[in-house]
Amino acid sequence: MRALRRLLWGLGVLALVVGAFWLWVVWPPWEAKSPQATDPGPTFQAPVNAESPPPLVAAPALCVGSEAGPPGAAAANAASLSTLAWSPFGKPETGWEIYAPRIAAEIGTSCAPGSDGFAAALARWQQTNKLARTGVVDAAVFAVMLPRWHLARPFVRVNRDGICPGAPAEASLATARSDESYGGKTIQLRPAALEAYREMAAEARAAGVLRRPEALRIYSGFRAPDADAQRCARDRNCQGLIRTICSAHRTGLAMDLFIDAAPGFGPDSSADANRLVMARSPLYRWMVSNAGRFGFVNYVYEPWHWEWTGEAMLPGAPIASLPQDGAEPVTEPLEGSTPRTPAAASGARGRR
Ligand SMILES: [Zn+2]
């Protein structure tokens with residue numbers, strides 16, 4: 001009886017050992033169940049209609065720092081992110097999420113806009129910039145940041161002095177490859193700017209932020225001043241938020257890049273809904289954090305417009321000496337219209 005019990009106990013232990021070994025050998029590792037591990041696929045081939053990531057109020061992966069912000073600030077930011085009624089560029093807008101990636105970069109945080117870490121970083125920034133230490137994004141905060149962002153663009157600094165930079169000779173420009181241009185357009189840029197673009201695009205691709213086949217393709221590069229002036233005169237829309245008689249595209253250093261687009265919108269539509277989709281894209285957030293390493297600066301109103309700063313502007317001419325047709329909304333006919341005073345020399349306005 002005792003021998004039988006010993007035998008049964010021994011068999012039980014053996015069964016447990018064999019069973020555990022079998023499980024260890026044949027159980028699939030958790031990683032193998034993940035589609036990313038079995039089928040990584042080139043990031044360029046991701047579906048065109050990939051969903052936009054959720055708003056930034058969801059905590060991002062890398063929010064460092066445990067400092068608390070001013071009481072109530074995080075909640076106030078979380079609410080105003082999509083509700084703030086203001087006119088940061090002279091036209092009414094609702095919410096500030098379009099500018100959230102840039103604001104986060106300015107205050108040096110990777111924390112989500114509605115988080116305590118973000119409010120704490122903003123409060124620190126406010127203190128440094130002699131503003132009330134509220135930790136809350138408002139028009140006063142933006143009014144300090146915006147001129148700084150504008151003036152980070154050499155083109156704007158030259159404009160501020162009343163000068164429109166010169167255009168390079170077209171024969172000196174390099175042409176983008178067909179897989180770099182959008183919609184089959186011929187894109188020309190100064191050679192070093194195109195080279196910098198290529199280096200940046202390669203790194204963006206490696207970082208996995210090119211979620212659409214069109215991502216980072218160039219849809220506007222160099223634009224000849226004469227052609228721009230003719231369009232200004234024809235369309236009468238060249239002195240506003242996004243058009244000017246002195247466009248940065250004349251330098252051969254500015255490029256409009258496909259960042260993302262909301263359904264039904266083009267990649268350069270400045271509709272707020274469209275710009276919001278861009279601001280939420282991993283690509284734009286990557287650009288805000290990384291494009292500077294390649295010498296690029298952005299016009300914050302247009303997530304798609306980037307200027308390369310690696311070479312100096314060419315000597316230009318006073319903006320007042322440029323053709324002014326189309327520089328203001330007009331009611332009189334084109335012919336016989338009196339020369340208009342240039343509005344473009346007014347300093348820290350943005351435009352492309
Ligand atoms: Zn542009």
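A residue is counted as buried if 20 or more other C-beta atoms lie within 10 Å of its own, and as exposed if 12 or fewer do. In this predicted model, Leu216 has 21 other C-beta atoms within 10 Å and is therefore buried. Leu216 is found in the loop that runs between helix H9 (191-206) and strand S6 (218-220), and its phi is positive, at about 70°, although the residue is not a glycine. Most residues other than glycine have a negative phi.

A positive phi, of about 60°, is also found at Lys130, which is likewise not a glycine. Lys130 is placed in the loop between helix H6 (116-128) and helix H7 (139-151). With 8 other C-beta atoms within 10 Å, Lys130 falls under the cut-off of 12 or fewer and is therefore exposed, whereas Leu216 is buried.

Two packed helices are described by the angle between their axes and the distance between the axes. For helix H5 (residues 100-107) and helix H12 (residues 282-290), the axes come within 10 Å and cross at roughly 30°. Because angles under 35 degrees count as roughly parallel, H5 and H12 are described as roughly parallel to each other, and their crossing is right-handed. On the H5 side, the contact is made by Pro101, Arg102 and Ala105, which meet Tyr284, Arg285, Val288 and Ser289 in H12. Sorted by class, the residues in this contact of H5 with H12 comprise four nonpolar, one polar and two charged residues.

Technical notes:
Residues are numbered from 1 along each chain as its sequence is written. This is a predicted model: local features need pLDDT of at least 70, side-chain atom pairs count only at pLDDT 80 or more; totals for chains, interfaces and linings use all residues. Axes are lines fitted to C-alpha atoms, for helices over the stretch in contact, and angles run from 0 to 180 degrees between N-to-C directions. Helices (H or I, at least four residues) and strands (E, at least two) are DSSP runs, numbered from the N terminus. Angles under 35 degrees count as roughly parallel, over 145 as roughly antiparallel, 65 to 115 as roughly perpendicular and the rest as oblique. A crossing is left-handed if the near helix is turned anticlockwise from the far one by less than a right angle, and right-handed if clockwise. Two residues are in contact if their C-beta atoms, placed from the backbone, lie within 7 Å. Ala, Val, Leu, Ile, Met, Phe, Trp, Tyr, Cys and Pro count as nonpolar, Asp, Glu, Lys and Arg as charged, and the others, Gly among them, as polar.
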